[in-house]
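Welcome, and thanks for opening the viewer. Keep your selection tool ready, and we will go from stop to stop together.

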Amino acid sequence: MQTPSCLMVLSAADLYEITKTHGGVSTQSVMDCYKVLRKANYDIDIATPQGTAPEFQCTDTNFAWFRQNKHLLSTPYAIKEISVDEYCGLIIPHCIGATADLYKDNSLNILIEAFSQSNKPICAIGYGIAGLFRARKTNNNNDNNNNNDINNEEWLFNGYSITSISNFESSRFKYFSKLSVIVEDFIRDNGAYYSAGEVDKRHCVIDRKLVTGQNEESSLASAYIFVGLCNNEI
């Protein structure tokens with residue numbers, strides 16, 4: 001019997017000029033999601049815009065894991081090469097880089113629409129939720145031009161209950177005003193029902209086949225819920 005596969009989408013952006021910290025992807029969030037998926041016996045493929053290797057934010061608590069698994073994380077597929085038929089679900093861990101590249105990637109837009117139309121689970125965590133923002137309920141565009149106006153059509157997740165990194169959590173950092181998109185504001189402005197828990201505490205929301213986690217601390221719980229949806233247990 002073939003082992004089921006999940007797709008993990010990561011940012012390839014390094015926002016050092018804005019954040020003064022190298023790396024656009026939370027290693028802790030990726031590690032938490034990766035461990036939950038592997039424990040559930042899922043294979044994991046990594047994809048980024050253009051297949052560029054992601055830049056990770058490591059800490060003393062997760063550097064050893066990152067070093068051990070770097071070969072798996074550093075050779076991603078390009079998002080535009082992915083076929084929805086090969087995966088049971090899509091997960092985007094917490095990655096601030098998503099506000100720079102995933103937010104405006106039209107190939108990811110098309111992919112998310114395909115997962116949604118196939119009724120396959122989607123999970124996004126923290127800043128990773130910016131990767132959902134380009135998806136439209138109707139998409140008459142047949143090219144991969146990343147400069148399309150995302151305001152022309154209704155957001156795919158209009159009417160959903162969603163959480164994300166909160167403005168209060170983000171505004172504690174000096175780079176807040178320099179981000180390309182303010183995640184909480186986008187969710188509220190585009191017709192979804194936003195909620196947040198306590199600062200830096202776990203908070204997850206499930207609505208239909210979409211799981212969202214508020215922040216890095218929500219990664220583990222979000223991944224467990226995502227697996228439950230993939231296994232048709234929720």
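Start by selecting glutamate 184: its relative accessibility is 11%, under the 20% cut-off, so this residue counts as buried. Do keep in mind along the way that you are looking at a predicted model.

**Stop 1: helix H6**

Where glutamate 184 is buried, arginine 188 is partly exposed, with a relative accessible area of 47%.

**Stop 2**

How many salt bridges does a search of the whole structure find? There are 5, and another of them is formed by the side chains of arginine 172 and aspartate 200, at 2.9 Å from N to O. Arginine 172 is in the loop between helix H5 (167–170) and helix H6 (183–189), while aspartate 200 is in the loop between strand S9 (193–194) and strand S10 (204–207); the pair therefore ties together parts that lie 28 residues apart in sequence. Colour by accessibility and you will find arginine 172 partly exposed at 41%, and aspartate 200 partly exposed at 34%.

**Stop 3**

Next, select glutamate 154 and lysine 137. They form a salt bridge whose closest N and O atoms are 3.4 Å apart. Both partners are in the loop between strand S7 (122–125) and strand S8 (161–162), 17 residues apart. Glutamate 154 counts as partly exposed, at 40% relative accessibility, and lysine 137 is also partly exposed, at 40%.

**Stop 4: helix H4**

Finally, select residues 106–117, which make up helix H4. At 1.5 Å a residue, its 12 residues should span 16 Å, and the distance between the end C-alpha atoms, 16 Å, agrees with that.

Is H4 enclosed or open to the outside? Of its 12 residues, 9 are buried, so the helix is largely enclosed by the rest of the structure. Among the buried ones are Leu108, Leu111, Ile112 and Phe115, along with Glu113. To see what covers them, show strand S1 (5–9), strand S6 (90–92) and S7, which are included in that cover.

Then look at the two ends. The N-terminal end is capped by aspartate 105, which places a side-chain oxygen 3.0 Å from the backbone nitrogen of serine 107. After H4 comes asparagine 119, with a positive phi near 60°.

Terms used
Residues are numbered from 1 along each chain as its sequence is written. This is a predicted model: local features need pLDDT of at least 70, side-chain atom pairs count only at pLDDT 80 or more; totals for chains, interfaces and linings use all residues. Side-chain values use heavy atoms; hydrogens and water are left out. A salt bridge is a side-chain nitrogen of Lys or Arg within 4 Å of a carboxyl oxygen of Asp or Glu. Helices (H or I, at least four residues) and strands (E, at least two) are DSSP runs, numbered from the N terminus. Buried means under 20% relative accessible area, exposed over 50%, partly exposed in between (1.4 Å probe, protein chains only). The expected span of a helix is 1.5 Å times one less than its number of residues. Contact means heavy atoms within 4.5 Å. A polar contact is a pair of N or O atoms within 3.5 Å; within protein, one must be able to donate a hydrogen and the other to accept it, and residues adjacent in sequence count only if both atoms are side-chain atoms.
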